[in-house]
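Thanks for making time this morning.

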Amino acid sequence: MINYFKLAYRNLGRHRRRSLLSGLALAMGTALLMFLAAFFQGEMRSAMESTLRLNSGHIQVRDADYDPDKLSVAWDYLIEDPEQVSAQIEALDQVDVATPRLFASGIITAQNDSVGVQIMGIDPASRANDPYRHLVSGEFLMADDREGILIGYPLAQNLALNVGDQINLLVNTSDGTVDEQLFTVRGIYTTGTTAYDKGIVFLPLKKAQAFSGAGNRASMIFVLLKDREQAEFVAEAIPSQNFKVETWRELNSLLVLVNDFSNAYLTVINLIVLGITVTVIVNTMLMSVFERTREIGILSAIGMKGRQIIAMFLAEASLLALGGVTVGSLAGWALSAYFGKVGIYFGDLGLSADMLLEDRIYTYLTLESAINLIVTAFVFTLIASLYPARMASRMEPVEALHSAQ
Amino acid sequence: MEVAKLTDVTRIYKIGEVETRALNGVSLTIESGEFTSLVGPSGSGKTTLLQLIGCLDQPTSGKVIIAGKETTGLSRNQRADLRKGTIGFVFQFFALIPTLTAYENIEMPLLLNGKTAAQRKQRVMDLLSAVGMTDRANNRPDQLSGGQQQRVAVARALATDPKLILADEPTANLDTENGEQVMEIMKKLNKETGTTFVFATHDPRVIKYASRVVTLHDGLIEKDSKVNGK
Ligand SMILES: Nc1ncnc2c1ncn2[C@@H]1O[C@H](COP(=O)(O)OP(=O)(O)OP(=O)(O)O)[C@@H](O)[C@H]1O
Ligand SMILES: [Mg+2]
């Protein structure tokens, strides 16, 4: 057997700088793509986690008539005796926690500024509300607090509010009128997601029910599972005569769409970057085919066949690819690991509550996508090198021998 | 026995509209064991003829039979296969592979012929010693003189024990001493192993070794004579 790799290694060594440069092009392409993949995945993971954790949960149970876009507290739209319903759901094996929530729309007025907000009545004791428990200052709500309110950090900034300050809160009530009351800011929370924090304020469930005239009712039961892949199964198990039961997949169709879209987008970028990179390599190989025309003629004259000549050039390409892709994926992995720890700050991207993003995006590289990329870059390089390799294999030995003389 | 038989061979090169009749109906038979020189003025068709005998090229018309095998219509790969075991080449410009050592250059045709490691080693060592290059086995071509390179090229041409060795001006880039040395080696091999040699040459030092001299002129054989070479 001819050791094509030995030949390839020596041939690459003839133009060390040129080989290094084209290896480097491949390395940079691979590193860039790996980082991009990690970035997109980090973004999607963050969006998915924030959205599920803060907004949609894994399962939501609502009244069959409820319209989530209206934030109405009309009794027709609400679940009666929500504590009992949520206790029943929580009793299911796969359920981690279930808690009632009441939503109402309102307007906060402090000094001369007014801001529209979404009022969320929560059970302060439930673990499902842990994401709101991260406070910039002050304290979390108590279940029996009748005058306290929890507001987000960006809203506090916006209205120049501190813990202990009073605000006027106006609410749309269940009978279609409004009510208002003074509340004291007990605490200022942050979830790290400005889009969320700037628009949502918390009251204890009991207070929210009384204030909005909802009585012993809630807008939904918010459910978190031990494993979110069980959502469809659990949804089936929840009695649904009067309820509408939706899983996170149904609740986040936009997010799922964005996820698919960003994957498609990434594929296009991959093709473009790999296309450019591979062009550099093909160019280098074409150069070396032309330079070695005579040598190819000699090899052919002493009986080397077309496919052996192809193998010789493919061996060169695969050594280049091996070096370039290895260095590139190490660099890409290192970058992803670094920004996976440190994060990249974007601030409030102003996205809607359908797709919440933390202000800082942490890159996240899955083994699967890393391997995918490595294999693709490698295969791409080899396929592209077939062109110069075949060109070499088709040279007529006579012409090849003539060319250098 | 006939090693090569050409019948009414014509080779026309076409560059754009211009046609060159490099060979114009040549018939020639090379017998086993011959040591033949092709001579003639520049442009008379020597190289062209050699390339046709060596299956590096195909005639515009006429028949080329190598080792009893008709070669017209063979594919590129079939021709490569035929060359591999039957024909060895020595070129004017030494034509070694620059990245390979002397040893590896000689080994290459053996690799292409699928010889085992042990067979290859034995054969390469024998050939290196036959051309007096044993101590230079691990040198790359650029570390060898022209004469040394040509001796390696001769060894490579001989590696697979081909029936026929074709050499195009093998001494043209060598000084007298090296040229003589290379010719001596080839003549010796011709005598000892009966390998057939065909040279294209202008060099009287080569011609004096020949057992037959074929003179070409304008693509035609002008004269074909047996002589008593050294
Ligand atoms: N590849 C080619 N394309 C076009 N014309 C060619 C080609 N090769 C040879 N010729 C022409 O064919 C003729 C014969 O050339 P050839 O090389 O066989 O001569 P030669 O006898 O070997 O000459 P020299 O002694 O100079 O090597 C010449 O007129 C040459 O110009
Ligand atoms: Mg010539």
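I will begin with how to read the model, then turn to the ligand, and end with the sheet.

This is a predicted model, in which local features need pLDDT of at least 70 and side-chain atom pairs count only at pLDDT 80 or more, while totals for chains, interfaces and linings use all residues. Residues are numbered from 1 along each chain as its sequence is written, chains are lettered from A and ligands numbered from 1 in the order in which they are written, and side-chain values use heavy atoms, with hydrogens and water left out.

Around ligand 1 there are 15 residues, B:Ser42, B:Lys46, B:Thr47, B:Thr48 and B:His202 being the nearest, where a residue counts as near if one of its heavy atoms lies within 4 Å. Because residues from chains A and B surround ligand 1, the site is shared between chains. As for polar contacts (pairs of N or O atoms within 3.5 Å; within protein, one must be able to donate a hydrogen and the other to accept it, and residues adjacent in sequence count only if both atoms are side-chain atoms), an oxygen atom of ligand 1 lies 2.7 Å from a side-chain N or O atom of B:Thr47, and an oxygen atom of the ligand is 3.0 Å from a polar backbone atom of B:Gly45.

Turning to the sheet, four strands of chain B form an open, antiparallel sheet in the order S2-S1-S4-S5, with strands being DSSP runs (E, at least two residues) and helices likewise (H or I, at least four), numbered from the N terminus, and pairing requiring at least two bridges found by DSSP. S2 and S5 (69–70) of chain B stand at the edges with a single partner strand each, so one side of each has no neighbour in the sheet.
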